[in-house]
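Biologist: I've got a model open and I'd like to learn how to read its packing. Can you walk me through it?

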Amino acid sequence: MTKVFFIISICAALIFTSCGARENFVYGNSILVKYAKPIKSGEWIKIDDVTFYHTQADTVGQSMNPQFNNNIFHPDTLKKYADGIILPATIGWTFLPGKNKWVESIFEKGLLVSSLYSSLLETHPNSKVYKSKSNMYLMANGELLLTRSDDQKIKVSTSEGYGAYIEKKD
């Protein structure tokens, strides 16, 4: 009887500990983020303790404006993502003042990488914590190889279905 109770206890413990929400992540000294699919509004990537949310931007002026910080967001969008940093989704909207209309614009993979990396650097403005080992060609093609200068490991997690491959490169 004691043996049966012990086996049932072990099984119950395994079931209860395996039912919790799990976060998929990659943890290493060098992490590759490689954009492969379109990034949709609402998707996110978390690097260490900073969450980056992708959302469609409303841009006034040029459709390929690399200065994502010049984008205008609806106040509800800013409230929704107040605990993180906003990055562009693959599709955005640009207002053309001369034509007085909004048009759809595409943010290329290189622009996504540039926005992610520059925003990540801004999270630690007085230090050079994060480094990119990607050259300009790789970054333009949507690849960012990240390391930390303090030799700590990087933890990267994403929303389900995030359009980039995340890989440990140690």
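Modeller: A nonpolar core is a set of buried Ala, Val, Leu, Ile, Met, Phe, Trp, Tyr and Cys residues joined through side-chain atoms within 4.5 Å, where buried means under 20% relative accessible area (1.4 Å probe, protein chains only). Here the largest one has 24 residues, and Tyr35, Ile45, Ile47, Phe52, Leu116, Leu144 and Leu146 touch the most other members. Elements giving two or more residues to this core include strand 2 (30–35), strand 4 (50–55) and helix 3. Helix 3 supplies the largest share, five residues. Helices (H or I, at least four residues) and strands (E, at least two) are DSSP runs, numbered from the N terminus.

Before you go on: this is a predicted model, so local features need pLDDT of at least 70, side-chain atom pairs count only at pLDDT 80 or more, and totals for chains, interfaces and linings use all residues. Residues are numbered from 1 along each chain as its sequence is written, and side-chain values use heavy atoms, leaving out hydrogens and water.

Biologist: What is Ser119 in contact with, leaving aside its neighbours within four places in sequence?

Modeller: Contact means heavy atoms within 4.5 Å. Ser119 touches Phe52, Ile85 and Leu87 on that basis. Ser119 lies in helix 3 (residues 109–122) and is buried, with a relative accessible area of 9%. Ile85 is 34 residues from Ser119 in sequence, yet their C-alpha atoms are 7.6 Å apart.

Biologist: Where does the charged end of Lys155 sit?

Modeller: A charge sits over a ring if NZ of Lys or CZ of Arg is within 6 Å of the ring centre and within 35 degrees of the ring normal. The charged end of Lys155 is over the ring of Phe25, 4.5 Å from its centre.

Technical notes:
Buried means under 20% relative accessible area, exposed over 50%, partly exposed in between (1.4 Å probe, protein chains only).
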